[in-house]
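Take a look at the sequence and the model shown here. The report below walks through a few of the parts in turn.

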Amino acid sequence: MTPPSRTKETQARYAKEYRRRLRQAALEHFGSKCSRCGITDVRVLTFNHRFGGGQVELRSRSREIRMLREIALGIRNRDIELLCFNCNIIHAIENGIKGHFASIRRKSGKVRIPNPYSDDL
């Protein structure tokens, strides 16, 4: 019988690979490029929820996996678009989505990123 640690390691490795393959399939569904600027570097591409709700959906790994699976199968494409990080932030600013990338977590706490387009400056 294999030790439990190896089994957990194997499961973790499989889960990571499964998520990578799902993400790749979902990226290919959208053409693997940002829908605004056309960048094709998959390291900076992200799935934008056009009507909000992305933070709630991505709180757990199982919800993220379900979202990626639905995109890859073509079930979900009305409320999701593929954007690079820069275009995603611009989308949030243009649509007044509060709290979107507003803070970065670090070990020492939160660092607030000011919105350059806000009237509060």
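Asn48 has a bridge partner in strand S2, and that partner is Glu81. This is a predicted model, so each value below is computed from predicted atoms.

**The strands**

S1 and S2 run antiparallel, and five bridges join them. How many of the five residues of S1 are buried? Five of the five are, so S1 is largely enclosed by the rest of the structure. Both of its faces are covered. Leu45, Phe47 and His49 lie on one side. Thr46 and Asn48 lie on the other.

**Helix H3**

Now turn to helix H3, residues 61-72. Its 12 residues, at 1.5 Å a residue, should span 16 Å.

Which residues of H3 are buried? They are Glu64, Ile65, Met67, Leu68 and Ile71. These residues cover an arc of only 160 degrees around the axis, which means that they sit on the same side of H3. After the helix comes Gly74, with a positive phi near 85 degrees.

Leu68 is one of the residues in helix H3. Is Leu68 buried or exposed? Its relative accessibility is 2%, so Leu68 counts as buried; the cut-off for buried is under 20%.

What does Leu68 touch, leaving aside residues up to four places away in sequence? Its contacts are Arg19, Leu22, Arg23, Ala26 and Phe47. Take Arg23 from that list. Leu68 and Arg23 are 45 residues apart in sequence. In space, their C-alpha atoms are 6.0 Å apart.

**Aromatic pairs**

The model has two aromatic pairs. Tyr14 and Tyr18 form a stacked one, with 6.2 Å from centre to centre and 15 degrees between the planes. Both tyrosines lie in helix H1, residues 4-29. They are four residues apart, about one turn of the helix.

Phe30 and Phe47 have ring centres 6.3 Å apart and planes at 55 degrees, so this pair is tilted. The pair links distant parts of the chain. Phe30 is in the loop between H1 and strand S1 (45-49), while Phe47 is in strand S1. The two are 17 residues apart.

| Residue | Relative accessible area | Class |
|---|---|---|
| Tyr14 | 54% | exposed |
| Tyr18 | 27% | partly exposed |
| Phe30 | 22% | partly exposed |
| Phe47 | 9% | buried |

**Confidence**

Where is confidence highest, and where is it lowest? It is highest in strand S2 (residues 80-84), at 93. It is lowest in strand S3 (residues 103-106), at a mean of 42. Over residues 102-108 the pLDDT is below 50. Beyond near neighbours in sequence, that stretch has 11 contacts in the model.

Definitions and conventions. Residues numbered from 1 in each chain as written. Predicted model: local features only at pLDDT ≥ 70, side-chain atom pairs only at ≥ 80, totals over all residues. Heavy atoms only, no water. Expected span 1.5 Å × (residues − 1). Buried < 20%, exposed > 50% of the residue type's maximum accessible area, 1.4 Å probe, protein only. Arc of directions from axis to C-beta. Phe/Tyr/Trp six-rings, centres within 6.5 Å; stacked < 30°, edge-to-face > 60°. pLDDT = per-residue confidence, 0-100. Contact = heavy atoms within 4.5 Å. Pairing = 2+ DSSP bridges.
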